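Take a look at the model below.

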Amino acid sequence: MAVSLNTTLRNNRADQITSFAGNGAKLRLYTAGAVQIVELVCGTPFAPAASGGVLTLNSITTGTAGATGTVTNASLYKADGTTLVISGLTVGTSASNINLSSTAITTGDNVAVTSATITEGNA
């Protein structure tokens, strides 16, 4: 039998990500080969309260790509840039944790997140 968590518990767990990440958290986008394409700064506050076990991030600043590649994953760091909050976030153009208008990025491109969510599992 699969583990199933109450929605309130899932919301509380997701809200802990907001508390831990804090204001000005950094979102780093990477290729499958672990090349960092861009670092973006998350909003302040990071996100409103989770709903339905889903944390929807507030707006994230647009950044300028420092490398060329196809973005596939992301990691979130505290504002200090060294404390990892979460890694393995999916990146795509839809139905991903981090959604962009295009995942094919060229050095110098402006990179903007169209939507960003983190879903607590075990619904």
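N11 is buried, with a relative accessible area of 14%. Here buried means under 20% relative accessible area, exposed over 50%, and partly exposed in between, with a 1.4 Å probe and protein chains only. This is a predicted model: local features need pLDDT of at least 70, side-chain atom pairs count only at pLDDT 80 or more, and totals for chains, interfaces and linings use all residues. Residues are numbered from 1 along each chain as its sequence is written, and side-chain values use heavy atoms, with hydrogens and water left out.

What does N11 touch? Leaving aside residues up to four places away in sequence, N11 touches A50, S51, G52, G53 and V54. Contact means heavy atoms within 4.5 Å. A polar atom of the N11 side chain also lies 3.2 Å from the backbone nitrogen of G52.

N11 sits in helix α1. Helices (H or I, at least four residues) and strands (E, at least two) are DSSP runs, numbered from the N terminus. Helix α1 covers residues 7–21, and at 1.5 Å a residue its 15 residues should span 21 Å; the end C-alpha atoms are 21 Å apart, which agrees. The expected span is 1.5 Å times one less than the number of residues.

Which residues of α1 are buried? They are R10, N11, A14, I17, T18 and A21. Seen down the axis of α1, these fall within an arc of 105 degrees, so they line one face of the helix. The arc is that of the directions from the helix axis to the C-beta atoms. The face turned away from the buried side carries the exposed residues T8, Q16 and S19. Cover for the buried residues includes β3 (54–56), β5 (69–77), β6 (84–92) and β10 (113–119).

Now the helix ends. N6 caps the N-terminal end of α1, with a side-chain oxygen 2.6 Å from the backbone nitrogen of T8. After α1 comes G22, whose phi is positive, near 70 degrees.

Two of the covering strands also pair. β3 and β10 run antiparallel, joined by three bridges. Strands pair if DSSP finds at least two bridges between them. T56 has T117 in β10 as its bridge partner. β10 also pairs with strand β7 (residues 98–100), antiparallel, over three bridges. There, L100 stands opposite V113 in β10.

Last, a hairpin. Strands β1 (residues 26–31) and β2 (residues 36–41) run antiparallel, with five bridges. R28 has E39 in β2 as its bridge partner. Four residues lie between the strands, and A34 takes a positive phi near 70 degrees.

Key
A polar contact is a pair of N or O atoms within 3.5 Å; within protein, one must be able to donate a hydrogen and the other to accept it, and residues adjacent in sequence count only if both atoms are side-chain atoms.
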